[in-house]
Amino acid sequence: MSGVIGKPMPRHDAWAKARGDVVYADDFSLPGMLYGKVLRSRYPAARILSIDTKKAEALPGVHAVLTAKDVPNNETVTKFGQSRDVGSGFEGMYRVLADKKVRFMGEAVALVAAETERIAQEALELIEVDYEPLPGVFDPEEAARPGAYPVGESESNVIARYRIRRGDADEALRHADVVIEGTYRVPFVDHAYLEPESGVAWLDENGVINIRVSTQVIEHFRGVAAVLGVPHNKVRIIGTFAGGGFGGKEDITVETYLALLVRKTGRPCKMTWTREESILSHSKRHPYVMRYTTGAMADGKIVALKADLISDAGAYVYLSPWVLMYSAVNATGPYEVDNVDITAMTVLTNNTFTSANRGFGAIQPNFAYESQMDELARRLGIDPLEIRRINCIKKGSTMSTGWKIDRYVALPEVAERAREALGEPTSMPAPWKVGIGVAVGMMSYGRLMFLHDTSRSHVRVEMDGSVTVRCGVPDIGGGQSSSLCQIVAEELGVDMSNVNIYVSDTALTPLAGTTTATRQLYMSGNATLKAARELRGRLLSKAAEMLGVSSDRLDLKEGSVIVEGETRRLPLVKVIAACANEGQELFSEAQFNAPFCEVPDLSDIKGQIFPDFTFGAHAVEVAVDTETGMTRVLRIVSCYDVGRAINPLSAEGQLEGGAIYCMGYALMEEVVMDRGITRTPSLSEYLIPTSADAPDVTCIMLEYGDGLGPYGAKGLGEPSCNSIAPAITNAIYDAVGVRIKSLPATPEKVLRAMKGDL
Amino acid sequence: MTEGYAIELTVNGRQVSAEVRADETLLEFLRTQLRIIDAKSGCGKGDCGTCTVLLDGLPVKSCIVLAASADGKDVKTLSGMQNEPLVKALQESFVTHGAVQCGFCTPGMILTAASYLNEHKNPSRDDIRRALSGNLCRCTGYKKIVDATQAVARRNE
Amino acid sequence: MTETSITLTLNGKKKTLRVRPNELLLNVLRDRLFLTGAKYGCGIGECGACTVLIDGRPALACLTLAVAIDGKEVVTVEGLARGDELDPLQEAFLDHGAVQCGFCTPGMIMTARSLLDENPSPSEEEVREYIRGNICRCTGYTSIVSAILSCAQEKEGA
Amino acid sequence: MYKMRYAAPRTLTEALRLLGEEREGVYVVAGSTNVLPDLRAKKIRPSLLLSIEKLGELKGIHADGDVVTVGALTTINELLASRDIELNAGILHQAAQRFADPLVRNRATIGGNLANASPAADSAVPLLALDAVLDICSARGEREVPLSSFFTGPGKTVLERDELIRAVRFPSDSENQKAFIKFGLREAMAISLVSVGVELRIQKDEVAYARVAFGAVAPTPMRGFRTEEFLVGKKLTAEVLDEARQVASREVRPISDVRATESYRRHISGVLLGRAIKMALGGGMS
């Protein structure tokens, strides 16, 4: 063991990034490369009567103009890396290019490949599309009513409905001392990663379409192959270091378009979306309307919780049913409630489609239930921390689905520690009023168990004692690949700088699954740990033979085998040489399987749905300008049970980044859709926090070591952005006495809540 | 190329002569004509700062600078400044403080920080936050970026 | 150096290019038009890997000045197949195992194409004579000759 | 195919000649921070981009007795770095600090910000409060236009097609008390939701002179004439200030858009006016 686990380590990729040497998707070029562009629908709802591409095709320098009729299988099934057909309505239709009806503004209608980007752009303007505008439907509740405008052709607008019941909520509410009701709304938001969607594809001499792309899911090679109608092994995806993902690069972006253009032209092709295109047409976070009723006794014990959740799926199914499943299971939050009734529904509209975004359906209900908890505490005159002490789940508690949580739950400790660290309120002169807010959150790491998730990794020692790792993990900036290096360095007793990793290539690295669902440290970390330990075992048993001692007395450290209680050292290279000489395998490839379950009865969801949860809390201090409604976040404390911080720098990076990511959600971010038209088309209308808006985030990491990841680690990527939004709105309440139930809490919204009409 | 406009400039210490379109941005020119890729394109309209370069020593957003207006000027990108002690110190500090995540904002962020620290010897955290406020980062929440920058500033005192 | 404008028909399409007086056809094809079928093997006309057809006749692109092809018709190996349908010679090379490392193949096929266009049913000796400027280091030529002859015979029988 | 030309004359005479000759479609460029986004959004389709960046005549800040002259090509960061501006036009200095972001401030020029005529132009508000005058030139000659009559609509000004802003002038009166406040939805890179600039002189406890300007609450940056009129001759009691806020809220003519509603902008205009007056007087309020 080299003792690198738990040490703050610079990531292996950090230097190249700090020097500007990393070749991101758009930084890559090939000789003879063409540029692809997408023609996008000008209407959110319309019928395509005809498309005339002749003028565009005639433009010198244009090599291909493609429409739906040129796509071998224009309609397939949306997958996001799963190797299992889950069925049960989870997998929706994936359409490459608009056909029949246009469903959202910005939907891809045609593709162009040309010798320069400008020619491609000009060609787009020469494509004549005759649309018949249709009325469309833009509100999910309206879309769910009988007789509503049908977004698709024959399918219902309602994609999925779930229900979770436990006990008798209505009956319990009748006996509750206090009942809190509220309707909470959260908006469309954009991931706003700084690197827009991009890729370069080419055809190789084996007839394989290679796609080098910024993605979270290289397993989309199967989806691309399905669209082209070619075998899976004729499409290869190489994931680049992504300039951020946050769920927005979980669905297919440029991949199928590039594949089609390369197949048509035989030439390499690049496609990079403009920021406007990105905001207009990649997935958004689901807006929700959440109607909550919480009943409690005078002593603060919650006796019933009812919630009705409606999400806007936008124009295509994508991941909406999965996201909704997270919302339903997380709807009660980390509270033990005997009587629960959760209904959840996701509905198609003619808005931009919605899909994964950091938090994946868990953070929307978190805003609702943590607002309710705060209100309950106020109503009962109980301290907000005390109400959580009374109601939080602990190991062995029964969750809403009837599953008894079987791992350590650091609640309400995380909230207490966060609140304690915040200390006394700052004093500020009028017109500012200061308030403090706390909220807790739970979110799973690892995929829904009925997806039967797996990951693989390959570890090989070289003759000189250096180590090569191959693992198909896409690295989107969270330190995904660096933590694998650290695990290998630990197990094989070598320096981090002696471990080299190849990631994210469907042809050459073992498939490791998606960089989504906060699963890579858990899944690929465990696969890598398994491979490294197998190899370690082999090396140690050879060393034991060479040293004439039992292998359980041996350890690997600093490139040597060391014997417990002795000063003898056997250089690792000698062991490797001996193994090689005998024809022993100097590599190991391992697979890690998450626990599996079957798809539950969706009308009565029961059982364990996720492998485990990460629990955390935020305590924040805000100042509200009582004359303008402007909220400033003065301080944030983030406290999480991280299980084990493999690399504390990376873990803190997730907590700090997650807090600011959703501080934006709380205060300023909203993709404004006006009857399907995006009114915030660029980063000067869609505002995310700048360095001048972000306070320092204080991180407290508890390490109870009871996570399912390597060395007891839990996942942090998504859970880190949970609970900050309700902590902020609870703090606003504390400051000025108004409860903001609709995000973002813009100055105008806060002021109107305070003053009514202006 | 009848619409080309001839420019001569210095890029990362080298003399360059080129023809640019009237509306070609400095960023496009650097990336496509000179294949200098450390300046990134994140928004195309001056909203994010990933395209930051130094123009006659001043940090600017190269996606909203005309390539033609760089005629006669000195352009530096991060890759042309790897030997500047301040840049090196910042790079090392960003690496050791964990201020680099996806890395897409990093070249621009480091250039802005370097140019600010050149002029300001003892900035507060708030000063640094304001100085970097034209460069967006979506991963880190900025704290470690401020930490890393401040650590270098302290060393330079 | 001043550039001259040339116009040619390349693989069936008209193209206008500005070229320097000393620029070689091979470089123009490979570096500027990204047609990398014609290979650089020796640069002095000894190996034939760069063979293309100029006005139907095999020519060594490494010894041909680009300015000299103004007004002419050039076909490279990329221009042989029609869409997904290979030229019969290309099919025959595959069928007869006439492709090993593949570096001589484009030039070899272009030379053979010209031979068959000139003389649809050559004898084995005529084939060997015609392709002697195209060096192959892998196959020992036997399979290449039979591939070409198979096309000839098929043509005769048709 | 649509083509665009570029010219970067080295002398003002040459620039004005080109500007005069070009019939239409000429677009003057300085820092290009507005032109490039506009081109990208296809808001403009010029045939000639005329860069004035090389015109030395349009550069420099001169404080000459009682007048400060700022060349049109002065960048926002040059304003920030100027002692003359800080001393004689602190209000402009304050506005420059909140202008866009530090990188854009290295390119954006004061002339460009005014000529672009955004209703939210951050340099226009303090300059209106300072009673600034523009020196405008063309091949036909020169003229001066008070900034208060320069703007005619969003993106529109009284500039003729062949004219350039040469400089901005304003009196350097350090006696008057001034303040600028910008209210945006973010701390940097924010378009003003409302901005206010005031310049006041108090004599014998009464307002003897008042200039009030607002940004982002009308089709153009605007002078608050009615608010000024209300203030002059008054003693600034809490009641008067309250009334002044309401006068301002009524006087502005904002719209509702994706960032805020009309009524909110009216409210904020009043709030900011009150704050700006207090800030200008530095707590010397009755």
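On conventions: residues are numbered from 1 along each chain as its sequence is written, and chains are lettered from A, ligands numbered from 1, in the order in which they are written. In this predicted model local features need pLDDT of at least 70, side-chain atom pairs count only at pLDDT 80 or more, and totals for chains, interfaces and linings use all residues, while side-chain values use heavy atoms, with hydrogens and water left out.

I start with who touches whom, contact being heavy atoms within 4.5 Å. Chains B and C do not touch, and their nearest C-alpha atoms are 11 Å apart. Chains C and D have no contact either, with 18 Å between their closest C-alpha atoms.

Now the A and B interface. On chain A, 54 residues are in contact with 45 residues of chain B. The two chains bury about 4000 Å² between them, 55% of it on carbon and sulfur atoms; buried area is the accessible area (1.4 Å probe) that two parts lose on being put together, summed over both. A:Arg118, A:Leu194 and A:Ser691 supply 17% of what chain A buries against chain B, more than any other three residues.

A:Arg118 also forms a salt bridge with B:Asp23, the closest N and O atoms being 3.3 Å apart.

Conventions. A salt bridge is a side-chain nitrogen of Lys or Arg within 4 Å of a carboxyl oxygen of Asp or Glu.
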